[in-house]
Amino acid sequence: PILQQVQEAKLFDDDKYFVDMKLRSAPDVVLAAFQNLSNEWPNSTIPTTKLQEFLTANFEKPGTEFETWMPTDWHENPKFLSGIADEKLRRWGEHIHSLWKSLGRKIQTSVRDHPELYSQIYTPHPVVVPGGRFRELYYWDSYWVINGLLLSEMTETAYGMIQNFLFLVSRYGFVPNGGRIYYERRSQPPFLTLMVESYYEATNDQQFL
């Protein structure tokens, strides 16, 4: 009922915004508070201003589940840049390479310890996210992310990404579409083996294979 009222009220420009917000209290406490508020209004339809006040009191903004994280294996001059002869294209490549520093995320341990407060699924290793409105790990996108990381010689970060997917397989039996509980019942094309192939070709790490 909370989801229905919030989405129908169009409080946010992006429908993904609300479902990524963290609960400030246990789910049953928030739901009881919402029920009490609903009972004050005809047909249980809460006015927009009161609904916004309820959200402010009971939810945090999206993104609070992450810690700032800088990939430890990022370095300024990977070999592929020296192979780009065109100066403008090389500067563009340098800019793309620098984006890894802003797209890295580490999930707080509170997500592991109190999963009932989050829609975020905990994974043990840092992740690289697609960016924009996509704040979490995504399966299909990560194949291209991992290939980019390997080109940037960031094998440690790529390794951690693959380990996260293996963690999800261990938990769910498959890799969900993305790192949110609302993706738990769907997946994407099976790219995990291709990720491992890319990593193996770059590292020849037979022990991991």
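Trainee: Which residues does Met161 touch, not counting residues up to four places away in sequence?

Mentor: First, this is a predicted model, where local features need pLDDT of at least 70 and side-chain atom pairs count only at pLDDT 80 or more, while totals for chains, interfaces and linings use all residues. Residues are numbered from 1 along each chain as its sequence is written, and side-chain values use heavy atoms, leaving out hydrogens and water. Contact here means heavy atoms within 4.5 Å. On that basis, Met161 touches Pro126, Val127, Val128, Leu137, Ser142, Val145, Ile146 and Leu149.

Trainee: Is Met161 buried or exposed?

Mentor: Look in helix α10, residues 155–172; helices are DSSP runs of H or I, at least four residues, and strands are runs of E, at least two, numbered from the N terminus. Buried means under 20% relative accessible area, exposed over 50%, partly exposed in between (1.4 Å probe, protein chains only). Met161 has 0% relative accessibility, so it counts as buried.

Trainee: How far apart in space are Met161 and Val145?

Mentor: Along the sequence, these two are 16 residues apart. Going C-alpha to C-alpha, the spacing is 9.3 Å.
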